[in-house]
Each structure stands twice: as C-alpha cells, then as structure tokens.
Amino acid sequence: MSSVEKGYIITHDPVKGKCLVATKFYEPDDLIFDEEPFVSCQFSWNNLYGYRACNHCLCPLESISENITRLTNAMITEVPFEDHCPVNNLVQNFVQCESCKVWYCSRKCLETAYNRYHQLLCRPDGNDPLHDLEELWRTMHYPPESHNIMLLCRLLATIELSPSPQQANQTVSNFCHRTENENEKLVHKMLGEKFIEQIEQLRFGVLKSMSVRESSQWLTPSGFKSLLALIGTNGQGVGTSIFQQWSNRCKKNLSSDEMLLFDNFVENAYEVMEQVVGIDYLDNEGSALFQEHSSINHSCYPNAASVFDGNHVLKLIAVRAIEPGDEINTSYMAPCELDHSRHTRQKYLRENYVFTCQCIKCELQSNDPDITTDDDSEMEDGN
Ligand SMILES: [Zn+2]
Ligand SMILES: [Zn+2]
Ligand SMILES: [Zn+2]
C-alpha cells in the first residue's frame, strides 16, 4: 500500500522532526490507521503479583472470579454476572511455552513470540541473570509502573532475530532521534536522581543476560541511554484488565435492575481490593512501542486520538475534521491536563518529552501570564 492510499505521509520538520501529515480529508471518528506494536511487554510488578496475561499480546488469562479472588485475598470469591467474563470461552486455546512455562492466549501468540524474541529470552531456570536484571529493575521502579526493562530486552532480541538486523537497527534508530543531552535529561527524569548511578548496573545486567551481536550498538553507554529514553517517552501503556473488560460488557448488556446489583458489587469489591493490595496494583498493563504512532507529535488542541482495540492494537481516530495537508496530532497529556495553564502544560512537556510546545493553542495563549495550575502536583513525575 502506498502512503498516499493510506491517507497520510510521514514528513520531516527541521524543528519537530517527524510529522504525520494528512493527504486526504477525515471526518471526526474516521479511522486513520491501526497498528500492532513493534514490541510489547507486561509490567514487571504486575507479573510478579500474579496478573495472568498472554506473554505476547497481554490479553487477560484469568477469569473475573480468579481476578477478584486474588485481589481481595479470597475475601470475595463469588462474582455476579460471570457469564459476561470474556475469558471463559477462550480457556481451551491457552498454551504454555514447554520450556519456561510462560502462558500465551493461543498457539499463534506463542509462535509469533518465539520467532520474534522469545527464543533468546526463554529462561527455564529462575536463577538466571535475566531474572536478576528484572529484580534490580523492580527495586528501582515501583508501581504505578510506566516502563519495563524487559521491553528493552525484547527490543534487542527482536533485532537479533530479525531476518534483516540492519533494517531492524535502522527502525530503532528512527525511533531514537534525540540528542545525547536530551536522552540524558529523559533518563534522569525516568529513573529519578537516586537511581542514576545504577544505569551502568542495568546495562551490565543486560549484557550479562543475553548475547548480543547484531544489536551491540545499543549497549554502549550512550546507546543504552537512548534506548532507556526511548522506552521512557515512547512506551505506550497497553492491555486492559479482565475487571475492566468484564465491567464494560456488563454495562452494555445488563438491565437497569441488574445494574444496581452490579454497581453495589463493584463498589464493595474496589473497597476491599484497595485495602488488600492497594490501588496501584489494580491495572494489569504493560507498555509497547508503536512505529507509526511514534511519528505523531503532541498538540494541546489535538485533531486525533489513539484508542485501543482489544489489548494491544492501537487505533488512530480523528476527533475533529482534518484537511489534506494538516498535521495529525494527538495529546501526550490526559484530557483534563489540557485545560491547565499554558505555563503548566509547557513545563510538563519540557520535563517529560524535552520539547517546547508550539501548537496553535500555545501560540494563541502566548501572552498569558506564567501562572501554574493549582492541581499541578499531579502532573509532576508519576514515578
Ligand atoms: Zn496472545
Ligand atoms: Zn519459554
Ligand atoms: Zn501546546
């Protein structure tokens, strides 16, 4: 398919770098494209705490009652409307890696994972440098998680196993377009000052865990920082918990009487879960890198949004009319954060993504005083 048929092209701007530009007209709600991740991985703490998800596509493998039983430490074991749990019909397809015993939702996911990266990362033995590396990462990165060092290992393994490692390296280079100085800032922001000394430890951990030939350029001190900065800024949260999926189905299908029972149950279950495991453990997600999505720049007045279809397919949807020649933008902030003052938005974007926003909204507000929005603290680093 040519880029023109696709309805968009990727161009280069001297200031912004890559830009996604429309080549045709889009109405609000039109699909611009959808995309599977280049690489994705469940968060480390979620995995440790027993969220069973497909090791490749992150679709949940535990039923709603297993999920709630686990998160409430068996204080709740009976769940109403269980027939709306999507996992129940899929259990017969679940399959394990024969060697390391990780689970997949289907043979297709198992084979895709094995061929793309898993054969280099399959570790039957728990006493292994790769497990040590993950443990080190967990000590540096407490929930709520936003990145995982295993995503970086999968990325390296994908390059190693690619039929054309040179092209795979080029793809990753296209992702990593920042200067060394910008990478340095991003890594500091991501890990926090207290862990900055441990970057070299992480790098040695990766070197010890896997043999790299084709991807060795990423394991020099500066190559490694650019990969860390990449997963820090371009890593998209993926995966939807079984609790969320089950709730969505119930809301669509239940009668209003049933909804009363449902709401009561959910409210109570949340309270118990919060006491037992804490709210930070309630999302079973992971993070992923998307090639085409990575060329979309931020705007505080976006004309498109990324939404999930299933667990890890990301769709780009128009939210306003888009004319041919318009740049297609999404927002890197939560919707409510877009209402914050220009000063607050720009500070957030500079610190987390190292750029100064020059979107139309920021331009229009360029004479606003530099006031900080009150609930600013929430926008400070979440890690
Ligand atoms: Zn799967
Ligand atoms: Zn395995
Ligand atoms: Zn802006």
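Me: Where is the place of Lys101?

Reply: In this predicted model, Lys101 sits in the loop between strand 5 and strand 6 (103–104).

Me: What is phi of Lys101 near?

Reply: Phi of Lys101 is near 70°, which is a positive value in a residue other than glycine. Most residues other than glycine have a negative phi.

Me: Which value is phi of Phe81 near, and where is Phe81 found?

Reply: Phi of Phe81 is near 55°, again a positive value in a residue other than glycine. Phe81 belongs to the loop between helix 3 (64–71) and strand 5 (95–96).

Me: What makes Phe81 partly exposed?

Reply: The class is buried at 20 or more other C-beta atoms within 10 Å, exposed at 12 or fewer, and partly exposed in between. Phe81 has 17 other C-beta atoms within 10 Å, so Phe81 is partly exposed.

Me: Why does Lys347 count as partly exposed, and where is Lys347 found?

Reply: Lys347 is found in helix 13. Lys347 has 18 C-beta neighbours inside 10 Å and therefore counts as partly exposed. Lys347 and Lys18 are 329 residues apart in sequence, and their C-alpha atoms are 22 Å apart in space.

Me: Why does Ala53 count as buried?

Reply: The cut-off for buried is 20 or more other C-beta atoms within 10 Å. Ala53 has 26 C-beta neighbours inside 10 Å, so Ala53 counts as buried. Ala53 lies in the loop between helix 2 (44–48) and helix 3.

Me: Which residues is Ala113 in contact with, leaving aside its neighbours within four places in sequence?

Reply: With those neighbours left aside, Ala113 is in contact with Asn55, His56, Tyr104 and His118. Ala113 and Cys54 are 59 residues apart in sequence, and 10 Å apart in space from C-alpha to C-alpha.

Me: Why is helix 10 called largely enclosed by the rest of the structure?

Reply: Helix 10 has 14 residues, and 10 of the 14 are buried, so helix 10 is largely enclosed. The buried residues are Phe224, Lys225, Ser226, Leu227, Leu228, Ala229, Leu230, Ile231, Gly232 and Thr233.

Me: What covers the buried residues of helix 10?

Reply: The cover includes helix 6 (149–161), helix 7 (165–175), helix 8, helix 9 (199–209), strand 8 (286–289) and helix 13 (342–353).

Me: How many Å does helix 10 reach from its first C-alpha to its last?

Reply: Helix 10 reaches 20 Å, close to the 20 Å expected for its 14 residues at 1.5 Å a residue.

Me: Which residues make the contact of helix 8 with helix 10?

Reply: Helix 8 gives Glu180, Asn183, Glu184, Leu186, Val187 and Met190, and helix 10 gives Ser222, Lys225, Ser226, Leu228, Ala229, Gly232 and Thr233. By class, five of these residues are nonpolar, five polar and three charged.

Me: What makes helix 5 and helix 9 roughly antiparallel?

Reply: Helix 5 (residues 129–140) and helix 9 pack at an angle of about 160°, with axes 8 Å apart. Angles over 145 degrees count as roughly antiparallel, and helix 5 and helix 9 are therefore roughly antiparallel to each other. The crossing of helix 5 and helix 9 is left-handed.

Me: Which residues of helix 5 make the contact with helix 9?

Reply: In helix 5 they are Pro129, Leu130, Asp132, Leu133 and Leu136. By class, the contact of helix 5 with helix 9 has six nonpolar, three polar and two charged residues.

Key:
Residues are numbered from 1 along each chain as its sequence is written. Chains are lettered from A and ligands numbered from 1 in the order in which they are written. This is a predicted model: local features need pLDDT of at least 70, side-chain atom pairs count only at pLDDT 80 or more; totals for chains, interfaces and linings use all residues. Two residues are in contact if their C-beta atoms, placed from the backbone, lie within 7 Å. Helices (H or I, at least four residues) and strands (E, at least two) are DSSP runs, numbered from the N terminus. Ala, Val, Leu, Ile, Met, Phe, Trp, Tyr, Cys and Pro count as nonpolar, Asp, Glu, Lys and Arg as charged, and the others, Gly among them, as polar. The expected span of a helix is 1.5 Å times one less than its number of residues. Axes are lines fitted to C-alpha atoms, for helices over the stretch in contact, and angles run from 0 to 180 degrees between N-to-C directions. Angles under 35 degrees count as roughly parallel, over 145 as roughly antiparallel, 65 to 115 as roughly perpendicular and the rest as oblique. A crossing is left-handed if the near helix is turned anticlockwise from the far one by less than a right angle, and right-handed if clockwise.
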